[in-house]
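Colleague: I have just opened this one and could use a guided look. Could you walk me through it?

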Amino acid sequence: MFVKYPDKRVLAFFTMTLILLLGTMTSGCELNEDSGEEPENSKEQAEPVELPAEEEFKEQLDVSLMDSLSERRSVRDYSDEKLTLTELAALLWSAQGITEKQRGYRTAPSAGATYPMEVYLVVENVEELSPGLYRYSPDEHTLEQIKEGHFNEDLKNTALGQDPIGDASVNLVITAVYERVMNRYGERGERYAKIEAGHISQNIYLSCSALELGTVAIGAFNDEQVIELLQLQEGEYPLYIMPVGKR
Ligand SMILES: Cc1cc2nc3c(=O)[nH]c(=O)nc-3n(C[C@H](O)[C@H](O)[C@H](O)COP(=O)(O)O)c2cc1C
């Protein structure tokens, strides 16, 4: 039989249950915050950054191969002057730009056209670009922002405190997803990806030479620390850091 007016014990029971329920819901929220997981809507990334197209840097890169090769040097001192977005676009296109749309072929060779490489950017001092971590998307010739902020010092600390990384306008980090090339070539695929990093790095060196920018290929860094800083996916490894700045 139902009682018309619940007595005090029933009321107390309901109140306690309500408090417990609310408590569980709130602590659930706290857990979510503490777990470091980003709330879903903060994952809404900024729009990709459109980079200046080939026509815009064609002339700047139109320097004789003889000059680019003979003037290529590792440069470790940079001025505070900002890099332009066009200069950055030229470097990224040289590194991994698409030169044949139909088959997706790129500026740098790749074993079996498997394209296991990625280029990340730690941006510090580039016109029209807020400091932060980005990834180059060759297909769209755009930049995807991963997170905003100043990360030069963190990156420098992964690399025995090498000053060029801290002083760079932008650091290009070349990584490899070995699986993409190992799926076709087995164990040997890892070697192919490492060789490919060399091709990409040389393209960046030669473009820096043509654009009168400074860069140096840096191989001495702690892999695990770079993986953590760049939030790399499982199976993706950094192979080179290339700081870039005006001479
Ligand atoms: C695989 C590799 C790793 C390198 N690692 C570093 C490095 O960690 N730090 C650095 O200052 N230079 C590094 N360099 C650049 C060399 O020191 C440089 O190429 C060499 O001194 C010759 O000078 P050049 O590039 O001006 O001709 C590296 C070069 C290569 C090829």
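Colleague: How does the shell around the ligand divide into nonpolar, polar and charged residues?

Modeller: The shell residues split into six nonpolar, three polar and three charged, where Ala, Val, Leu, Ile, Met, Phe, Trp, Tyr, Cys and Pro count as nonpolar, Asp, Glu, Lys and Arg as charged, and the others, Gly among them, as polar. Please keep in mind that this is a predicted model, in which local features need pLDDT of at least 70 and side-chain atom pairs count only at pLDDT 80 or more, while totals for chains, interfaces and linings use all residues. Residues are numbered from 1 along each chain as its sequence is written, and side-chain values use heavy atoms, with hydrogens and water left out.

Colleague: Which residues are around the ligand, then?

Modeller: They are Arg72, Arg73, Ser74, Arg76, Gln162, Tyr205, Val216, Ala217, Ile218, Gly219, Ala220 and Tyr240, and a residue is included if one of its heavy atoms lies within 4 Å of the ligand.

Colleague: Which polar atoms come up against the ligand's oxygen and nitrogen atoms?

Modeller: A polar side-chain atom of Arg73 is 2.8 Å from a ligand oxygen atom, and a backbone N or O atom of Ala217 is 2.9 Å from a ligand nitrogen atom. Ala220 has a polar backbone atom 3.2 Å from an oxygen atom of the ligand. The protein covers 54% of the 620 Å² of accessible area that the ligand has on its own, with areas taken from the Shrake-Rupley method with a 1.4 Å probe and, for residues, only the protein chains shown counted as cover.

Colleague: Switching to the fold, how many helices and strands are there?

Modeller: The protein chain has nine helices and nine strands, which are DSSP runs numbered from the N terminus (helices are H or I with at least four residues, strands are E with at least two). Of its 247 residues, 42% count as buried, meaning under 20% relative accessible area, whereas exposed is over 50% and partly exposed is in between (1.4 Å probe, protein chains only).

Colleague: And what is in the largest nonpolar core?

Modeller: That core has 58 residues, and those with the most contacts inside it are Leu88, Leu92, Leu121, Leu143, Val170 and Leu172; a core here is a set of buried Ala, Val, Leu, Ile, Met, Phe, Trp, Tyr and Cys residues joined through side-chain atoms within 4.5 Å. Leaving out residues up to four places away in sequence, Val170 touches Leu83, Leu88, Leu121, Val122, Val123, Val126, Met242, Pro243 and Val244, where contact means heavy atoms within 4.5 Å.

Colleague: What about Ala89, is it buried or exposed?

Modeller: Ala89, which sits in helix 4 (residues 85-96), counts as buried because its relative accessibility is 0%. Apart from neighbours within four places in sequence, Ala89 is in contact with Leu51, Pro52, Phe57 and His141.

Colleague: Since you mention His141, where is it found?

Modeller: His141 lies in the loop between strand 5 (132-137) and strand 6 (142-148), and with 14% relative accessibility it counts as buried. His141 also has a positive phi of about 55 degrees although it is not a glycine. Most residues other than glycine have a negative phi.

How values were computed. Polar contact = N/O pair within 3.5 Å; in protein donor to acceptor, adjacent residues only side chain to side chain.
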